[in-house]
Amino acid sequence: AKKRGGNGFLFYDRTMNAASTERVALESDLRHAVERSELFLEFQPVIDAQSGTIVSAEALVRWNHPRLGRVPPDRFITLADETGLIVDIGAWVLNEACRCCRGWHVAGFSDMKVSVNVSAVQFGQPRLLEAVRDALSHSNLPPKALMLEITESSLMQDAESTAGMLRALRNMGVRISVDDFGTGYSSLSYLKRFPLDVIKIDKSFVRDLCVDEEDAAIVRAIIALAHSMRRSTIAEGVETAEQVELLKRENCEFFQGYYFGRPMNIERILERLEAQKVQ
Ligand code: C2E
Ligand code: CA
Ligand code: CA
Ligand code: CA
């Protein structure tokens, strides 16, 4: 059968091997990325719709690979989840994000908040609680300044452990948002059941908001739903003034996207905060 498959078959076989070899190599590099200080954070501003000022920032992890350059998080977070490396990486991100936010507080911006992404695997592990507690105590950051972003699909894993984890996190005083809302094909009942503070409208709905009637209807429905349960909304992936106008009209509370700023380093966030203070 192999012979009759000819070149097509061999080619397919070879690319599969190349892909898995690359994966193994990447995995072993990732194992050392934390200790070799190859990871760093960028922060994307979150803007208050009413005041137009930065009130928070989302921490986004970056990997500066010695040979490959910047490896995008979509690629190595999945790998980290599958290999368990997410435990160390996630703890590092939490520590670093809290430390940076505390820095903004010390610089005089004591209302600044930070949000940190929590992966599905991380969320499923009780030691997340310890990692959050450590990050808060090491940085001396007030818990209410930290928001954890949990994807809709992670919340759907196991209702009982999800409820327990959310309750424990809430008891520590941190806030919770549902990330990528609308992409999870989920029953909406968890919104009522779980203690969630904020709903992040996925950028796939925001992208064509002004040209696609259906996307506009979905966004409107999400905001109405959130408000009926006294949760607030962040629209992500906001790129144009038209999107901002429409979202304002629908009373979306917070915006995040290239229109207001790409992910940037911690100093740049501080500059932006200084600039809005003197206005
Ligand atoms: P996410 O949590 O949905 O983060 C938002 C992504 O959208 C970021 O991509 C951000 O750079 C991008 N983005 C922001 N504004 C715009 C916009 O106006 N237009 C468009 N087209 N995109 C925009 P990024 O940084 O590549 O991160 C991708 C994903 O990787 C994140 O999606 C998140 O799921 C994951 N990730 C990033 N950092 C971490 C982390 O520290 N821990 C975990 N568990 N996951 C992370
Ligand atoms: Ca996020
Ligand atoms: Ca998102
Ligand atoms: Ca996403």
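In this predicted model, helices α3 and α5 are roughly parallel to each other. Two packed helices are described by the angle between their axes and the distance between the axes. For helix α3, which spans residues 86–106, and helix α5, which spans residues 127–139, the axes come within 9 Å and cross at roughly 30°. Angles under 35 degrees count as roughly parallel, and the pair is therefore placed in that class. The crossing in which α3 passes α5 is right-handed.

The residues that form this contact can be located on both helices. On α3 they are V87, A91, L94, N95, C98, R99 and R102. On α5 they are R127, L128, A131, V132, D134, A135, L136, H138 and S139. Sorted by class, the contact of α3 with α5 comprises nine nonpolar, three polar and four charged residues.

Strand β6 covers residues 175–181 and is mostly covered, as five of its seven residues are buried. On one side of the pairing to be traced, strand β5, residues 146–151, runs parallel to β6 and is joined to it by five bridges. Within this pair, E149 stands opposite S177 of β6. Strand β6 also pairs with strand β7, residues 198–201, in the parallel sense over three bridges. Here S177 stands opposite V198 in β7.

Another strand, β4, consists of residues 113–118 and contains K113. Is K113 buried or exposed, or does it lie in between? With a relative accessible area of 26%, K113 is partly exposed, because this class lies between the limits of 20% and 50%. Apart from its neighbours within four places in sequence, K113 is in contact with V55, S56, A57, C101, W104, K144, A145 and R175. K113 can also be related to V46: the two are 67 residues apart in sequence, and their C-alpha atoms are 9.3 Å apart in space.

The relative accessible area of S154 is 1%. Buried means under 20%, so S154 is classed as buried. Which residues does S154 contact, leaving aside its neighbours within four places in sequence? They are S119, A120, F123 and T162.

Technical notes. Residues numbered from 1 in each chain as written. Chains lettered and ligands numbered in written order. Predicted model: local features only at pLDDT ≥ 70, side-chain atom pairs only at ≥ 80, totals over all residues. Heavy atoms only, no water. Buried < 20%, exposed > 50% of the residue type's maximum accessible area, 1.4 Å probe, protein only. Contact = heavy atoms within 4.5 Å. Helix = DSSP H or I, 4+ residues; strand = E, 2+ residues; numbered from the N terminus. Axes fitted to C-alpha atoms, helices over the stretch in contact; angles between N-to-C directions. Parallel < 35°, antiparallel > 145°, perpendicular 65-115°, else oblique. Left-handed = near helix turned anticlockwise from the far one by under 90°. Nonpolar A, V, L, I, M, F, W, Y, C, P; charged D, E, K, R; others polar. Pairing = 2+ DSSP bridges.
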